[in-house]
Amino acid sequence: MENRCRFCAVSENQQSFGVADTKLASDGRYFAIPSIGSLVEGWTLIVPNEHCVSLRAHYGSSNFGAFVSDIAGKVRDAYGSVIAFEHGANHEGSATGCGTDHAHLHIVPFDGIDVEDLDSSGIVFHMMNVADIAQVVGSSEYLAFFPDIAANPTHVRVAILDASVSQFFRRLIGYKLGLSAEEMDYHKSPRLDVASATAMALMPVFETAAENE
Ligand SMILES: [Zn+2]
Ligand SMILES: [Zn+2]
């Protein structure tokens, strides 16, 4: 079976998972889709059309910033305050990713992670402005966490990694929700019903916005 990049397929409007692979919004460079394996409803991914392993080169772009702010604001309006995170890989097949080599930003309606959770993880996060990520991380792998991306889209905490770290934020959110390891594993629990619910809830929000512009 051909192992085609799923996000490249979605960018060309090919849907492997039905409504869960629906583009909620697109500006021609980036698109937003519900996340397979969502631990909470409203979990949305922002994905560049271009296949790349991380968003480090995108964070300084005003187009990216505008698209992220738009999506994060709408997810917050529908579901409440949102965090965002990226696991910035630096090569195809890195364990720092989450099963896809195509870069994406997770937008998650969840307010249960605070700075102390990051500090007590044993990984050192540095506060910075989003525009500085590319320069600070260089060619290293990294984790990026936005504590309140809808209200403060430039405020980010970044950890530079010496070794790959798998599923850091997903495991942290699952732990806070009291989920078992099996429930957190999206291969075992893809939760397509949750992603579909996100699509059904957000599609009218985005369509209404498009009509108004
Ligand atoms: Zn791709
Ligand atoms: Zn991911």
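Biologist: How many of the five residues of strand S3 are buried?

Modeller: Five of the five, so S3, residues 44–48, is largely enclosed by the rest of the structure. Bear in mind that this is a predicted model.

Biologist: Which way do the side chains point from S3?

Modeller: Thr44, Ile46 and Pro48 point one way, Leu45 and Val47 point the other way, and all are buried. In a regular strand, side chains alternate between the two faces of the sheet.

Biologist: OK, and which strands pair with S3?

Modeller: One is S2, residues 30–34, which pairs with S3 in the antiparallel sense over five bridges. Another is S5, residues 105–109, joined to S3 by three bridges and also running antiparallel.

Biologist: What stands opposite Ile46?

Modeller: In S5, Leu105 stands opposite Ile46. Ala32 also stands opposite Ile46.

Biologist: And what about Tyr30, what does that stand opposite in S3?

Modeller: Tyr30 stands opposite Pro48.

Biologist: Let's zoom out. In what order do the strands sit in the sheet?

Modeller: The order is S1-S2-S3-S5-S4-S7-S8-S6, an open sheet of eight strands with antiparallel pairing. At the edges stand S1 (25–26) and S6 (126–129), each with a single partner strand, so one side of each is left without a neighbour in the sheet.

Biologist: What holds strands together in a sheet, in general?

Modeller: Strands pair through backbone hydrogen bonds, either parallel or antiparallel.

Biologist: Changing topic: how many helices are there?

Modeller: The protein chain has seven helices, along with eight strands. Its radius of gyration is 16 Å, close to the 17 Å that the globule rule gives for 213 residues, so the chain is as compact as a globular protein of that length.

Biologist: What does the C-alpha trace span?

Modeller: Along its principal axes, about 45 × 40 × 35 Å.

Biologist: Pick a helix for me. Which residues of H5 are buried?

Modeller: H5 covers residues 168–177, and its buried ones are Phe168, Phe169, Arg170, Leu172, Ile173 and Gly174. An α-helix has 3.6 residues a turn, so residues three or four places apart point the same way.

Biologist: What about the ends of H5? What follows it?

Modeller: Gly178 follows H5, and its phi is positive, near 75°. Phi of Gln167 is near 55°, which is a positive value in a residue other than glycine.

Biologist: Is Gln167 buried or exposed?

Modeller: Buried, with a relative accessible area of 19%. The cut-off for buried is under 20%.

Biologist: Where does Arg191 lie?

Modeller: In the loop between H6 and H7 (192–212). Arg191 has a positive phi too, near 50°.

Terms used: Residues are numbered from 1 along each chain as its sequence is written. Chains are lettered from A and ligands numbered from 1 in the order in which they are written. This is a predicted model: local features need pLDDT of at least 70, side-chain atom pairs count only at pLDDT 80 or more; totals for chains, interfaces and linings use all residues. Side-chain values use heavy atoms; hydrogens and water are left out. Helices (H or I, at least four residues) and strands (E, at least two) are DSSP runs, numbered from the N terminus. The radius of gyration is taken over C-alpha atoms; the globule rule is 2.2 Å times the number of residues to the power 0.38. Buried means under 20% relative accessible area, exposed over 50%, partly exposed in between (1.4 Å probe, protein chains only). Two strands pair if DSSP finds at least two bridges between them.
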